[in-house]
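Hi everyone, thanks for coming. Let me put the sequence and the model up on the screen, and then we can walk through them together.

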Amino acid sequence: MDNIYLLIIVIFAALLGFELIKKVPATLHTPLMSGSNAISGITLVGALASSGTENELLSIVLGTLAVALASINVVGGYLVTDRMLSMFKKKQR
Amino acid sequence: MIETTSTSALVINLTYVLAAALFIFGLKFLGHPSTARKGNMLSAVGMLLAIVVTLFDKNIISFEWIAIAIIAGTIVGFFAARLVAMTAMPELVSLLNGIGGLASVFVAWSTLEAGTYLSGFVMLVTFLALLIGAVTFSGSLVAWAKLSERISGRAVTFKGQVTFNLLLVTTIVFCGYLFVASPEFSPSFSIVLYTLMGLALLFGIMLVLPIGGADMPVVISLLNSYSGLAACAAGFALQNNILIVAGSLVGASGIILTSIMCKAMNRSLSNVLFSGFMPVVESN
(Lines give C-alpha, C1' and ligand atoms only; values in the text may rest on other atoms or scores of the structure.)
Protein backbone atom coordinates (compact mmCIF):
# COMPACT_ATOMS: atom_id res chain seq x y z
CA MET A 1 0.00 0.00 0.00
CA ASP A 2 2.90 2.33 0.77
CA ASN A 3 4.02 2.11 -2.84
CA ILE A 4 0.63 3.36 -4.00
CA TYR A 5 1.02 6.51 -1.88
CA LEU A 6 4.51 6.98 -3.25
CA LEU A 7 3.21 6.66 -6.82
CA ILE A 8 0.60 9.32 -6.11
CA ILE A 9 3.41 11.59 -4.85
CA VAL A 10 5.23 10.96 -8.16
CA ILE A 11 2.18 12.03 -10.16
CA PHE A 12 1.80 15.27 -8.19
CA ALA A 13 5.50 16.07 -8.38
CA ALA A 14 5.53 15.40 -12.12
CA LEU A 15 2.52 17.65 -12.72
CA LEU A 16 4.19 20.35 -10.67
CA GLY A 17 7.37 19.96 -12.71
CA PHE A 18 5.39 20.42 -15.94
CA GLU A 19 3.60 23.51 -14.63
CA LEU A 20 6.76 25.18 -13.30
CA ILE A 21 8.64 25.04 -16.60
CA LYS A 22 5.84 25.87 -19.00
CA LYS A 23 6.85 29.46 -19.80
CA VAL A 24 10.57 30.03 -19.65
CA PRO A 25 12.50 32.53 -21.80
CA ALA A 26 15.06 30.93 -24.13
CA THR A 27 18.01 32.60 -22.43
CA LEU A 28 17.22 30.72 -19.24
CA HIS A 29 17.12 27.24 -20.83
CA THR A 30 20.73 26.35 -20.10
CA PRO A 31 20.82 27.67 -16.50
CA LEU A 32 17.53 25.91 -15.81
CA MET A 33 18.91 22.67 -17.19
CA SER A 34 22.02 23.09 -15.08
CA GLY A 35 20.01 24.00 -11.98
CA SER A 36 17.70 21.01 -12.24
CA ASN A 37 20.73 18.82 -12.92
CA ALA A 38 22.05 19.93 -9.53
CA ILE A 39 18.73 18.93 -7.94
CA SER A 40 19.03 15.44 -9.43
CA GLY A 41 22.15 15.14 -7.30
CA ILE A 42 19.64 14.37 -4.51
CA THR A 43 20.83 10.79 -5.08
CA LEU A 44 23.43 11.85 -2.52
CA VAL A 45 20.79 11.46 0.21
CA GLY A 46 20.18 7.87 -0.90
CA ALA A 47 23.91 7.22 -1.14
CA LEU A 48 24.49 8.38 2.46
CA ALA A 49 22.22 5.64 3.77
CA SER A 50 24.10 3.00 1.76
CA SER A 51 27.52 4.25 2.75
CA GLY A 52 27.20 4.55 6.51
CA THR A 53 25.30 1.39 7.44
CA GLU A 54 26.58 -1.92 8.72
CA ASN A 55 26.29 -3.89 5.48
CA GLU A 56 28.48 -6.11 3.35
CA LEU A 57 31.82 -4.48 2.48
CA LEU A 58 31.05 -4.24 -1.25
CA SER A 59 27.78 -2.46 -0.47
CA ILE A 60 29.58 0.13 1.67
CA VAL A 61 32.29 0.67 -0.96
CA LEU A 62 29.67 1.22 -3.68
CA GLY A 63 27.69 3.54 -1.40
CA THR A 64 30.79 5.60 -0.60
CA LEU A 65 31.67 5.90 -4.30
CA ALA A 66 28.10 7.06 -4.90
CA VAL A 67 28.46 9.72 -2.16
CA ALA A 68 31.64 11.07 -3.78
CA LEU A 69 30.12 11.13 -7.30
CA ALA A 70 26.85 12.69 -6.17
CA SER A 71 28.76 15.37 -4.20
CA ILE A 72 30.58 16.34 -7.39
CA ASN A 73 27.21 16.62 -9.14
CA VAL A 74 25.63 18.70 -6.37
CA VAL A 75 28.49 21.11 -5.67
CA GLY A 76 29.57 21.48 -9.30
CA GLY A 77 25.98 21.78 -10.48
CA TYR A 78 24.97 24.61 -8.13
CA LEU A 79 28.21 26.54 -8.54
CA VAL A 80 28.24 26.37 -12.33
CA THR A 81 24.57 27.45 -12.45
CA ASP A 82 25.39 30.41 -10.24
CA ARG A 83 28.31 31.36 -12.49
CA MET A 84 26.08 31.18 -15.59
CA LEU A 85 23.44 33.37 -13.96
CA SER A 86 25.97 35.95 -12.78
CA MET A 87 27.20 36.29 -16.38
CA PHE A 88 23.65 36.62 -17.55
CA LYS A 89 23.07 39.55 -15.22
CA LYS A 90 26.16 41.40 -16.42
CA LYS A 91 25.16 40.95 -20.04
CA GLN A 92 21.81 42.62 -19.39
CA ARG A 93 23.23 45.78 -17.89
CA MET B 1 15.04 2.85 4.59
CA ILE B 2 13.90 5.47 7.05
CA GLU B 3 11.56 4.42 9.86
CA THR B 4 8.61 6.71 10.52
CA THR B 5 8.03 5.90 14.17
CA SER B 6 10.80 7.59 16.16
CA THR B 7 11.11 11.33 16.80
CA SER B 8 14.30 11.66 14.79
CA ALA B 9 12.56 10.01 11.83
CA LEU B 10 9.72 12.51 12.14
CA VAL B 11 12.18 15.41 12.13
CA ILE B 12 13.94 13.92 9.09
CA ASN B 13 10.72 13.56 7.13
CA LEU B 14 9.45 17.04 8.05
CA THR B 15 12.75 18.51 6.89
CA TYR B 16 12.37 16.57 3.64
CA VAL B 17 9.01 18.29 3.12
CA LEU B 18 10.72 21.65 3.63
CA ALA B 19 13.51 20.69 1.23
CA ALA B 20 10.95 19.62 -1.39
CA ALA B 21 9.19 22.99 -1.06
CA LEU B 22 12.52 24.80 -1.50
CA PHE B 23 13.23 22.78 -4.67
CA ILE B 24 9.80 23.68 -6.04
CA PHE B 25 10.20 27.42 -5.36
CA GLY B 26 13.78 27.22 -6.59
CA LEU B 27 12.64 25.85 -9.96
CA LYS B 28 9.86 28.42 -10.11
CA PHE B 29 12.28 31.31 -9.51
CA LEU B 30 14.80 29.84 -11.95
CA GLY B 31 12.23 30.41 -14.70
CA HIS B 32 12.31 34.21 -14.40
CA PRO B 33 15.37 36.31 -15.28
CA SER B 34 15.09 38.62 -12.28
CA THR B 35 14.80 35.88 -9.66
CA ALA B 36 16.85 33.10 -11.29
CA ARG B 37 19.92 33.46 -9.10
CA LYS B 38 17.83 33.53 -5.93
CA GLY B 39 16.01 30.41 -7.13
CA ASN B 40 19.25 28.53 -7.56
CA MET B 41 20.27 29.60 -4.05
CA LEU B 42 16.95 28.42 -2.57
CA SER B 43 17.29 25.04 -4.18
CA ALA B 44 20.88 24.77 -2.89
CA VAL B 45 19.66 25.52 0.65
CA GLY B 46 17.04 22.77 0.23
CA MET B 47 19.74 20.34 -0.84
CA LEU B 48 21.97 21.24 2.11
CA LEU B 49 19.06 20.76 4.54
CA ALA B 50 18.18 17.37 3.05
CA ILE B 51 21.78 16.16 3.23
CA VAL B 52 22.46 17.38 6.78
CA VAL B 53 19.24 15.98 8.22
CA THR B 54 19.83 12.60 6.55
CA LEU B 55 22.99 12.23 8.65
CA PHE B 56 20.72 11.92 11.72
CA ASP B 57 19.21 8.72 10.33
CA LYS B 58 19.85 6.15 13.01
CA ASN B 59 20.80 3.53 10.43
CA ILE B 60 23.94 5.52 9.66
CA ILE B 61 26.52 4.46 12.18
CA SER B 62 29.90 5.37 10.68
CA PHE B 63 30.82 8.74 9.27
CA GLU B 64 34.52 8.52 8.35
CA TRP B 65 34.02 7.33 4.79
CA ILE B 66 31.03 9.61 4.26
CA ALA B 67 33.12 12.61 5.35
CA ILE B 68 36.05 11.64 3.11
CA ALA B 69 33.76 11.04 0.12
CA ILE B 70 31.85 14.31 0.56
CA ILE B 71 35.04 16.36 0.99
CA ALA B 72 36.63 14.74 -2.07
CA GLY B 73 33.51 15.24 -4.17
CA THR B 74 33.11 18.85 -3.01
CA ILE B 75 36.71 19.73 -3.91
CA VAL B 76 36.38 18.19 -7.39
CA GLY B 77 33.00 19.83 -7.98
CA PHE B 78 34.20 23.22 -6.72
CA PHE B 79 37.24 23.36 -8.97
CA ALA B 80 35.37 21.97 -11.97
CA ALA B 81 32.76 24.74 -11.67
CA ARG B 82 35.28 27.52 -10.93
CA LEU B 83 37.95 26.70 -13.49
CA VAL B 84 35.80 25.79 -16.48
CA ALA B 85 35.88 28.24 -19.39
CA MET B 86 32.62 30.08 -19.97
CA THR B 87 32.19 28.53 -23.40
CA ALA B 88 32.69 25.03 -22.00
CA MET B 89 29.86 25.23 -19.47
CA PRO B 90 27.31 23.12 -21.39
CA GLU B 91 29.94 20.38 -21.65
CA LEU B 92 30.51 20.52 -17.91
CA VAL B 93 26.77 20.27 -17.24
CA SER B 94 26.68 17.18 -19.43
CA LEU B 95 29.62 15.65 -17.58
CA LEU B 96 28.10 16.45 -14.16
CA ASN B 97 24.84 14.93 -15.31
CA GLY B 98 26.63 11.75 -16.32
CA ILE B 99 28.37 11.60 -12.94
CA GLY B 100 24.97 11.93 -11.24
CA GLY B 101 23.66 9.04 -13.33
CA LEU B 102 26.63 6.91 -12.32
CA ALA B 103 25.93 7.75 -8.66
CA SER B 104 22.39 6.38 -9.10
CA VAL B 105 23.83 3.19 -10.60
CA PHE B 106 26.09 2.75 -7.58
CA VAL B 107 23.25 3.42 -5.12
CA ALA B 108 21.10 0.77 -6.81
CA TRP B 109 24.00 -1.69 -7.01
CA SER B 110 24.83 -1.07 -3.36
CA THR B 111 21.20 -1.87 -2.44
CA LEU B 112 21.58 -5.23 -4.22
CA GLU B 113 24.80 -6.08 -2.40
CA ALA B 114 23.49 -5.07 1.03
CA GLY B 115 22.69 -8.69 1.85
CA THR B 116 19.06 -8.21 2.83
CA TYR B 117 15.95 -9.69 1.26
CA LEU B 118 14.47 -7.57 -1.55
CA SER B 119 10.87 -7.89 -2.72
CA GLY B 120 9.86 -8.18 -6.37
CA PHE B 121 8.84 -4.52 -6.46
CA VAL B 122 12.17 -3.39 -5.05
CA MET B 123 13.97 -5.56 -7.62
CA LEU B 124 11.94 -3.91 -10.38
CA VAL B 125 12.71 -0.33 -9.30
CA THR B 126 16.36 -1.26 -8.70
CA PHE B 127 16.48 -2.59 -12.26
CA LEU B 128 15.02 0.73 -13.51
CA ALA B 129 17.52 2.78 -11.48
CA LEU B 130 20.43 0.72 -12.83
CA LEU B 131 19.18 0.93 -16.42
CA ILE B 132 18.31 4.64 -16.50
CA GLY B 133 21.39 5.61 -14.47
CA ALA B 134 23.73 3.71 -16.79
CA VAL B 135 22.06 5.11 -19.94
CA THR B 136 22.40 8.62 -18.46
CA PHE B 137 26.06 8.04 -17.67
CA SER B 138 27.24 6.71 -21.04
CA GLY B 139 24.88 8.98 -23.01
CA SER B 140 26.13 12.09 -21.18
CA LEU B 141 29.74 11.06 -21.76
CA VAL B 142 29.10 10.78 -25.51
CA ALA B 143 27.28 14.16 -25.50
CA TRP B 144 30.21 15.68 -23.59
CA ALA B 145 32.73 14.20 -26.05
CA LYS B 146 30.72 15.50 -29.01
CA LEU B 147 30.33 19.01 -27.57
CA SER B 148 34.00 19.31 -26.66
CA GLU B 149 34.90 17.84 -30.07
CA ARG B 150 36.81 14.96 -28.56
CA ILE B 151 34.89 12.84 -31.04
CA SER B 152 33.28 13.92 -34.29
CA GLY B 153 30.20 16.05 -33.75
CA ARG B 154 28.54 14.60 -36.82
CA ALA B 155 25.66 12.16 -36.59
CA VAL B 156 27.14 8.66 -36.58
CA THR B 157 25.01 6.15 -38.45
CA PHE B 158 25.72 2.69 -39.79
CA LYS B 159 23.89 0.07 -41.79
CA GLY B 160 21.54 -2.05 -39.70
CA GLN B 161 21.47 0.47 -36.86
CA VAL B 162 17.71 0.19 -36.39
CA THR B 163 17.87 -3.63 -36.27
CA PHE B 164 20.83 -3.51 -33.90
CA ASN B 165 19.05 -1.12 -31.51
CA LEU B 166 15.82 -3.11 -31.52
CA LEU B 167 17.85 -6.25 -30.73
CA LEU B 168 19.62 -4.37 -27.93
CA VAL B 169 16.33 -3.23 -26.39
CA THR B 170 14.88 -6.74 -26.60
CA THR B 171 17.95 -8.19 -24.87
CA ILE B 172 17.74 -5.55 -22.13
CA VAL B 173 14.06 -6.33 -21.53
CA PHE B 174 14.88 -10.05 -21.37
CA CYS B 175 17.74 -9.38 -18.93
CA GLY B 176 15.35 -7.24 -16.89
CA TYR B 177 12.94 -10.16 -16.66
CA LEU B 178 15.74 -12.49 -15.52
CA PHE B 179 16.92 -9.83 -13.07
CA VAL B 180 13.53 -9.41 -11.39
CA ALA B 181 12.57 -13.09 -11.51
CA SER B 182 15.82 -14.80 -10.57
CA PRO B 183 16.69 -15.53 -6.94
CA GLU B 184 19.32 -13.21 -5.49
CA PHE B 185 22.87 -14.15 -4.49
CA SER B 186 23.19 -16.99 -6.99
CA PRO B 187 26.24 -16.91 -9.28
CA SER B 188 23.96 -16.59 -12.30
CA PHE B 189 22.44 -13.44 -10.79
CA SER B 190 25.80 -11.65 -10.86
CA ILE B 191 26.15 -12.57 -14.54
CA VAL B 192 22.72 -11.08 -15.26
CA LEU B 193 23.62 -7.94 -13.26
CA TYR B 194 26.92 -7.32 -15.07
CA THR B 195 25.42 -8.11 -18.50
CA LEU B 196 22.58 -5.72 -17.79
CA MET B 197 24.91 -2.89 -16.79
CA GLY B 198 27.07 -3.47 -19.88
CA LEU B 199 24.05 -3.46 -22.20
CA ALA B 200 22.60 -0.34 -20.57
CA LEU B 201 25.92 1.50 -21.03
CA LEU B 202 25.98 0.43 -24.69
CA PHE B 203 22.39 1.57 -25.12
CA GLY B 204 23.23 5.05 -23.81
CA ILE B 205 26.02 5.32 -26.39
CA MET B 206 23.74 4.10 -29.19
CA LEU B 207 21.09 6.65 -28.20
CA VAL B 208 23.36 9.68 -28.51
CA LEU B 209 25.71 8.65 -31.35
CA PRO B 210 23.16 9.14 -34.17
CA ILE B 211 22.41 12.72 -33.04
CA GLY B 212 24.39 15.60 -34.50
CA GLY B 213 26.49 17.96 -32.37
CA ALA B 214 24.14 20.90 -32.96
CA ASP B 215 21.34 19.06 -31.17
CA MET B 216 23.44 18.23 -28.11
CA PRO B 217 21.79 20.84 -25.80
CA VAL B 218 18.45 19.10 -26.37
CA VAL B 219 20.04 15.71 -25.71
CA ILE B 220 21.67 16.94 -22.51
CA SER B 221 18.33 18.29 -21.33
CA LEU B 222 16.75 14.92 -22.07
CA LEU B 223 19.52 13.04 -20.26
CA ASN B 224 19.09 15.46 -17.35
CA SER B 225 15.47 14.39 -17.19
CA TYR B 226 16.61 10.74 -17.22
CA SER B 227 18.97 11.32 -14.29
CA GLY B 228 15.98 12.66 -12.34
CA LEU B 229 14.02 9.52 -13.18
CA ALA B 230 16.98 7.38 -12.09
CA ALA B 231 17.04 9.19 -8.74
CA CYS B 232 13.28 8.67 -8.46
CA ALA B 233 13.66 4.91 -9.10
CA ALA B 234 16.46 4.73 -6.54
CA GLY B 235 14.09 6.53 -4.14
CA PHE B 236 11.51 3.77 -4.58
CA ALA B 237 14.18 1.13 -3.94
CA LEU B 238 15.20 2.89 -0.70
CA GLN B 239 11.66 4.05 0.18
CA ASN B 240 13.00 7.58 0.52
CA ASN B 241 10.46 10.38 -0.02
CA ILE B 242 12.79 13.23 -0.94
CA LEU B 243 14.50 11.17 -3.64
CA ILE B 244 11.12 10.36 -5.15
CA VAL B 245 9.81 13.93 -5.05
CA ALA B 246 12.98 15.65 -6.28
CA GLY B 247 13.60 12.92 -8.85
CA SER B 248 10.15 13.18 -10.41
CA LEU B 249 10.31 17.00 -10.34
CA VAL B 250 13.54 16.93 -12.32
CA GLY B 251 12.24 14.15 -14.57
CA ALA B 252 9.07 16.03 -15.51
CA SER B 253 10.59 19.51 -15.78
CA GLY B 254 13.45 18.05 -17.83
CA ILE B 255 11.05 16.48 -20.35
CA ILE B 256 9.05 19.69 -20.73
CA LEU B 257 12.23 21.77 -21.04
CA THR B 258 13.49 19.36 -23.71
CA SER B 259 10.26 19.80 -25.63
CA ILE B 260 10.47 23.61 -25.37
CA MET B 261 14.08 23.55 -26.57
CA CYS B 262 13.10 21.29 -29.47
CA LYS B 263 10.43 23.75 -30.55
CA ALA B 264 12.91 26.63 -30.31
CA MET B 265 15.30 24.69 -32.57
CA ASN B 266 12.58 23.54 -34.97
CA ARG B 267 13.00 19.85 -34.13
CA SER B 268 10.40 17.36 -33.05
CA LEU B 269 10.83 15.72 -29.67
CA SER B 270 10.17 12.21 -31.00
CA ASN B 271 12.92 12.71 -33.58
CA VAL B 272 15.43 13.32 -30.80
CA LEU B 273 14.02 10.63 -28.52
CA PHE B 274 14.05 7.82 -31.07
CA SER B 275 16.86 8.96 -33.33
CA GLY B 276 18.45 5.51 -33.23
CA PHE B 277 15.22 3.94 -34.41
CA MET B 278 14.53 5.96 -37.52
CA PRO B 279 16.46 7.36 -40.48
CA VAL B 280 18.38 10.39 -39.27
CA VAL B 281 17.41 13.86 -40.46
CA GLU B 282 20.40 16.16 -40.66
CA SER B 283 19.90 19.50 -38.95
CA ASN B 284 21.65 22.65 -39.99
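So, how much area is buried between chain B and chain A? About 7,200 Å², and carbon and sulfur atoms give 77% of that. Buried area here is the accessible area, with a 1.4 Å probe, that two parts lose on being put together, summed over both.

Some housekeeping before I go on. This is a predicted model, where local features need pLDDT of at least 70 and side-chain atom pairs count only at pLDDT 80 or more, while totals for chains, interfaces and linings use all residues. Residues are numbered from 1 along each chain as its sequence is written, chains are lettered from A and ligands numbered from 1 in the order in which they are written, and side-chain values use heavy atoms, with hydrogens and water left out.

Back to the interface. Counting contact as heavy atoms within 4.5 Å, 84 residues of chain B touch 73 residues of chain A. There are twelve residue pairs in polar contact between the two chains, both residues at pLDDT 80 or more. A polar contact is a pair of N or O atoms within 3.5 Å; within protein, one must be able to donate a hydrogen and the other to accept it, and residues adjacent in sequence count only if both atoms are side-chain atoms.

Which part of chain B gives the largest share of the side that touches chain A? That is H9(B), with 16 residues. By type, this side of chain B has 56 nonpolar, 24 polar and four charged residues. Here Ala, Val, Leu, Ile, Met, Phe, Trp, Tyr, Cys and Pro count as nonpolar, Asp, Glu, Lys and Arg as charged, and the others, Gly among them, as polar.

The rule finds one salt bridge across the interface, meaning a side-chain nitrogen of Lys or Arg within 4 Å of a carboxyl oxygen of Asp or Glu. Asp82(A) and Arg37(B) form it, at 2.9 Å from N to O.

Now the chains themselves. Helices are DSSP runs of H or I, at least four residues, and strands are runs of E, at least two, numbered from the N terminus. Chain B has ten helices and zero strands, and its C-alpha atoms fill a box of roughly 60 × 55 × 30 Å along the principal axes.

Chain A has four helices and zero strands. Its radius of gyration is 18 Å, well over the 12 Å that the globule rule gives for 93 residues, so chain A is more spread out than a compact globule. That radius is taken over C-alpha atoms, and the rule is 2.2 Å times the number of residues to the power 0.38.
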